[in-house]
Amino acid sequence: MSRAVGPLAAGGAAGLAWAAGLRGLMVEVAGPESAVHWYGTFVQILLPGVVTGALFGWAWHTRRRRWLVTAPLAFPIAVIVSPDTVSAIVAGQIPFSDGLGGGALALPLFGMAGGYAIAGRGAPWRRIVLGVFALVPLPAWAFASTAISPSLSLATARGAWVAVLFWASIATLALGCAIPLARARPPAHDGVPAVPADARG
């Protein structure tokens, strides 16, 4: 277990940095209407980032936990269990039906699809389909950014920077999602490294 502490800590720190970057992206998109709250920022965004990163670190350590590709679902779960969402469900509303929190579900799905596509496992046709799905945010943001705000147009320096931050965030998440799906390391034999055939004399 002590050997897992390093990967867990590194993954958690990376996840925290990624989530903090995501929060910065949200500020840029929302503009002056964006407000930072203790619960919304730290519990619904930063904490799921730490959990997701730590789980990826665990996957890196074990190389035998493919189900950990679902780690980013910590983000929509954090939204669903929030007091506001629970109250809305009790009132008969469907989660995400009003558009709020939809990004918390969409980003993990894009990341998971991209991770599967680049991990090198599964049927080629399935990887192609999921890879195409994972690339949807690229053209989608290019077309939607101006509609969100003229200042987010890719023709402006600020808009281009926000687009790069958004695309890089999704690409980084996809790389993280590929970790649980990576092929396992070959087992060691009694701690003795393998000797190349041409060096055996």
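Student: Where is alanine 104 placed?
Tutor: In this predicted model, alanine 104 sits in helix α5.

Student: And is alanine 104 buried or exposed?
Tutor: Alanine 104 is buried, because its relative accessible area is 18% and the cut-off for buried is under 20%.

Student: What does alanine 104 touch, leaving aside its neighbours within four places in sequence?
Tutor: With those neighbours set aside, alanine 104 is in contact with Phe75, Pro76 and Val79.

Student: Which other residues of α5 are buried?
Tutor: The buried residues of α5 include Leu107, Pro108, Phe110, Gly111 and Met112, along with Ala113, Gly114, Gly115, Tyr116 and Ala117.

Student: What do the buried residues of α5 pack against?
Tutor: They pack against α1, α3, α6, α7 and α8, where α6 covers 124–134 and α7 covers 137–148.

Student: How many residues does α5 have, and how far does α5 reach?
Tutor: α5 has 17 residues and reaches 25 Å from its first C-alpha to its last, which is close to the 24 Å expected at 1.5 Å a residue. After α5 comes glycine 120, which has a positive phi near 85°.

Student: Where is arginine 121, then?
Tutor: Arginine 121 is in the loop between α5 and α6.

Student: Is arginine 121 buried or exposed, and why?
Tutor: Arginine 121 counts as buried because its relative accessible area is 18%, and buried means under 20%. A polar atom of the arginine 121 side chain lies 2.5 Å from the backbone oxygen of leucine 181.

Student: How much of the protein counts as buried?
Tutor: Of its 201 residues, 35% count as buried. The accessible surface comes to about 11900 Å², and 71% of that surface belongs to carbon and sulfur atoms. As for contacts between residues at least 6 apart in sequence, 65% join residues at least 24 apart.

Student: What about the largest nonpolar core, which residues touch the most other members?
Tutor: That core has 27 residues, and Trp18, Leu22, Phe166 and Cys177 touch the most other members. The elements that give two or more residues to this core are α1 (2–30), α2 (38–62), α3 (74–80), α5 (102–118) and α8 (157–178). Among the elements, α8 gives the most, with seven residues.

Student: What is leucine 22 in contact with, leaving aside its neighbours within four places in sequence?
Tutor: Leucine 22 is then in contact with Phe75 and Leu107. Phe75 is also one of the residues in contact with alanine 104, and Leu107 is among the buried residues of α5.

Student: Switching to α2, how far apart are its end C-alpha atoms?
Tutor: They are 34 Å apart, which agrees with the 36 Å that its 25 residues should span at 1.5 Å a residue.

Student: Where does the kink in α2 lie?
Tutor: The kink, of about 30°, lies at leucine 46, shortly before proline 48. Just after α2, arginine 63 takes a positive phi of about 55°.

Student: What does threonine 41 touch, not counting residues up to four places away in sequence?
Tutor: Threonine 41, which is placed in α2, touches Arg23, Val36 and Leu46 on that count. The side chains of threonine 41 and arginine 23 are also joined by a polar contact of 3.2 Å. Threonine 41 counts as buried because its relative accessibility is 6%, and the C-alpha atoms of threonine 41 and alanine 19, 22 residues apart along the chain, are separated by 9.4 Å.

Student: And valine 50, what separates its C-alpha from that of glycine 12?
Tutor: Those C-alpha atoms are separated by 4.4 Å, with the residues 38 apart along the chain. Valine 50 lies in α2 and touches Gly12, Gly15 and Leu16, not counting residues up to four places away in sequence. Its relative accessible area of 30% makes valine 50 partly exposed.

Note on methods: Residues are numbered from 1 along each chain as its sequence is written. This is a predicted model: local features need pLDDT of at least 70, side-chain atom pairs count only at pLDDT 80 or more; totals for chains, interfaces and linings use all residues. Side-chain values use heavy atoms; hydrogens and water are left out. A nonpolar core is a set of buried Ala, Val, Leu, Ile, Met, Phe, Trp, Tyr and Cys residues joined through side-chain atoms within 4.5 Å. Buried means under 20% relative accessible area, exposed over 50%, partly exposed in between (1.4 Å probe, protein chains only). Helices (H or I, at least four residues) and strands (E, at least two) are DSSP runs, numbered from the N terminus. Contact means heavy atoms within 4.5 Å. The expected span of a helix is 1.5 Å times one less than its number of residues. The bend at a residue is the angle between axes fitted to the seven residues ending there and the seven starting there. Accessible areas come from the Shrake-Rupley method with a 1.4 Å probe; for residues, only the protein chains shown count as cover. A polar contact is a pair of N or O atoms within 3.5 Å; within protein, one must be able to donate a hydrogen and the other to accept it, and residues adjacent in sequence count only if both atoms are side-chain atoms.
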